[in-house]
Amino acid sequence: MKRSLALGLLMSLTCWVWAYAAPKLGDKQIDRPAAMTGYFCPDGNISFVADGPEALVRFNADIYQFGNIGAYEQAIDNVTLVKKSVYDANLIDVADMCSPCSTGIAMGAGFQALDVASLSPSELLYYETFDAQIPSEWLLNPWGYYEQDTGPDPLDHESAPWEILNDGNCDPFGGSLGLGTDGDPSGVQATAEITFYGLEAGEEYVVAFWWRSFSGSGHMQLEVFGTPFWVNATPTPLILFSDLEGASWGDADQDGNLEVYLPRHAAANGLFEYTGSSFVDVASGPAATTVNTNMGLWGDYDGDGLPDIYLVNPGVRNDLLFGDGAGGFTENTPITLESLDGISALSIDIENDGDLDIYLCALGDNRLYRNDGVGAWTETGFGTDAAEPLTTNAAEAADYDGDGDQDLYLAVSFGRNVLLENNGGVFTDVTPPLLWGSAAYQTTDVAWGDYDNDGDPDLYVVNYNNENFLYRNDGGGVFTDVTTLRLSDVGDSYSALWFDAENDGDLDLFVVHESNGNKLLMNNPGRDWVNGASDPLPDGGNLLTAAAADYNCDGRMDLFVTHTNSQPGKVFENVYDYGGNWLQVDLVGVSSNTKGIGAKIEIYIQGDMQMREVRAGNGFMSQSSSTAHFGLGDATSIGTLRVTWPSGIIQDLHQVAANQKLTITEQATSLSVPDGAGAANFRLLAVPNPMRSSATLQFDLEQAGHASLRIFNIRGQQVRELADGPMRSGRHEVPWNRMDDHGRALPSGVYLFRLDTVGQSQQGKLILLDR
């Protein structure tokens, strides 16, 4: 008899493999009572807390040799799944179990078992008595079998218990799941597995069952594995490629299949292309240099639309390699870029002039290389604050103040960390004391990401062998320390990066540890962060950095993690099947740089918003894919997708379908595109932004007609209608005094302003500061 209520079940060979890729939620050993013979006893159970919708339970039965007649088996029956609260509320005393496994002899007085007969259909999530055969959802190794009782001798035949577990009577006609048969070799372990689906994350469950063992020294080992999330997908070519430094994802031959560039210490660098089933090293010529390389930085430095690589080679000159778009490279390094003391680098368009510049983190003074076009480069600090005299391990760019250009935060070893504000290519140190860090800390990495989906980038700072910090960006140069115990992650962390691991719409945080186990800190708004680094993701042993990309194009972000000291890097594939929908966006710049580095992409779904900035270089010696990735949860479309290009051009798309990869080419002017069709354009701005007491909303209308201008809070609720009626063509300026429709001053925070005209609409973000 099987009852499967409120819980779907399915089993396949795939689950057998994934058991090792999922986190272990519990294990338990049940030893055979000394007085037990061939009869069943209701003493089997294991509890676990679900980490997701799926859990695999494995029964490992030791098979022992008995005399000269072969191995004697164990058997299980009456397998039940219930919530722990249900289990605790329905335990009853067992007064008379199957003799001779009696209360006084084997179990001790007061032994209890689950009263299955009293459970409602909604409480009994799974119940299997093996009356006819082994159900298809069970996965067995060759030593598992079904056995049905055909006689009274329990040493020859199975004698399964009665289906109601609160009674000691034996069922003379039932069946059971046997593990191990006569003639099996000694020492073999018989295994059976079942996977339960439809579980609630955070809920505690109990698997209860009857069992028996013929061997006097036998025992049953139970294991529970959670929802599969990650697998180690490292193929042989990468296993044989060791002693790595950084890792950088790009597409050298522009065929849509990503390559990862892997620099090494005094050995040939590798360029591994994903072929659909494996990775193949396609590095040749200068890309396979054997000098000591820390990092390969992808970027289109000559503006021809083809990917180039800048190699950071500590101790020898750096190299600039120009790509031919077919996977080949030619070295042509100007003297200006031949620094000898680099650690890591990032590409940044400091002046938004369409040419990618390079910021080099170094052992001494950092370098800011301005790209003047046609192969000309100038080393310039653009303000002395950009040249930090101490060792800078990493830097990452973000438009922290929302003014349209890329700012920098520097991770400094044993010195003060630095926030550099970019004003037209001139950098100024504006670091608030909260972001200084400590001179006693070795800050190794920094990661910008909008974890709270309020439209501005927040800051995570990694300190090796000290606590890490998460600073929330509140706008107007104000940051708040929101570090929790899990986020502080004290230990030997080296680097970190943000990405949406579950496609649920919230950025999660991956932290690389040298040897203490990597962490994947899952973002749960309104609750504390949870470490979701299931096996094999924690890894361990001489880890350095990581880079994220959807290398197999399945809509889930994967990871490459590097090892040093003669160990290979690893490809960790994201196999989480319960995540949400997704959207990926590639940019093609026209007025802006060709990859849109520095662009801001925002999506709006029923009042909720997400923001990504397009970057080239992600902190400590790594570069994730420049493709912007959004998890969408249950949403099947995006109401509005907005690209704010480095040139200042704003481009809107409406009603964008989920689960696709878009390529958006920069238009000549700001454009709002409803439902994929073309439309007339207008530019909508708020000045000043951020604002304190008042701002002016400016826009141009190409033709007269009806228009409405409204203000919304971040939840999509209208708070002020500024205009609604006929308007003339031309320039318009509408003042706003921070008041809502009821004359009340609105609190500080992030707001949206939206202009709707016939056939088109546009919206923007406005930050209100404390007065």
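## A buried strand and its partner

Strand β26 (residues 342-348) and strand β27 (residues 357-362) run antiparallel, joined by 6 bridges. Two strands count as paired if DSSP finds at least two bridges between them. Strands here are DSSP runs of E, at least two residues long, and helices are runs of H or I, at least four, all numbered from the N terminus. Ser-344 has Cys-361 in β27 as its bridge partner.

β26 is mostly covered, with 7 of its 7 residues buried. Buried means under 20% relative accessible area, exposed means over 50%, and partly exposed lies in between (1.4 Å probe, protein chains only).

## Basis of the model

This is a predicted model, in which local features need pLDDT of at least 70, side-chain atom pairs count only at pLDDT 80 or more, and totals for chains, interfaces and linings use all residues. Residues are numbered from 1 along each chain as its sequence is written, and side-chain values use heavy atoms, with hydrogens and water left out.

## Salt bridges

The whole structure contains 28 salt bridges. Each is a side-chain nitrogen of Lys or Arg within 4 Å of a carboxyl oxygen of Asp or Glu.

One of them joins the side chains of Lys-519 and Asp-489 (3.4 Å, N to O). Lys-519 sits in strand β40 (residues 519-522) and Asp-489 in the loop between α5 (485-488) and β38 (493-499), so this pair ties together parts 30 residues apart in sequence. Asp-489 counts as buried because its relative accessibility is 7%.

Another salt bridge joins Asp-586 and Lys-661 through their side chains (3.5 Å, N to O). Asp-586 belongs to strand β45 (residues 581-588) and Lys-661 to strand β52 (residues 660-665), so the parts tied together are 75 residues apart in sequence. Asp-586 is buried, at 15% relative accessibility. Lys-661 is partly exposed, at 44%.

## Around Asp-756

Asp-756 lies in strand β59 (residues 749-757). At 17% relative accessibility, Asp-756 is buried. Its side chain forms a salt bridge with that of Arg-710 (2.9 Å, N to O). This pair links distant parts of the chain: Asp-756 is in β59, Arg-710 is in strand β56 (residues 705-713), and they are 46 residues apart. Arg-710 is partly exposed, with 22% relative accessibility.

Asp-756 also makes a side-chain polar contact with the side chain of Arg-754 (3.0 Å). A polar contact is a pair of N or O atoms within 3.5 Å; within protein, one must be able to donate a hydrogen and the other to accept it, and residues adjacent in sequence count only if both atoms are side-chain atoms. Beyond neighbours within four places in sequence, Asp-756 is in contact (heavy atoms within 4.5 Å) with His-706, Ala-707, Ser-708, Arg-710 and Ser-761.

## Cavities

The structure holds 6 cavities of 30 Å³ or more. A cavity is a set of points, on a 1 Å grid over the protein atoms alone, where a 1.4 Å probe fits but cannot get out; lining residues have an atom within 4 Å of a point. Volume is the space filled by probe spheres set on the points, which are joined across faces, edges and corners.

The largest cavity has a volume of about 420 Å³. It is lined by 26 residues, of which Trp-498, Arg-612, Glu-613, Arg-615 and Asn-618 are the closest to its centre. The elements giving two or more residues to this lining are β34 (442-449), β38, β47 (608-613) and β49 (628-633). β38 supplies the largest share, 4 residues.

Conventions. On a 1 Å grid over the protein atoms alone, a cavity is a set of points where a 1.4 Å probe fits but cannot get out, and a pocket is an open set with protein on both sides within 12 Å along at least five of seven lines; lining residues have an atom within 4 Å of a point.
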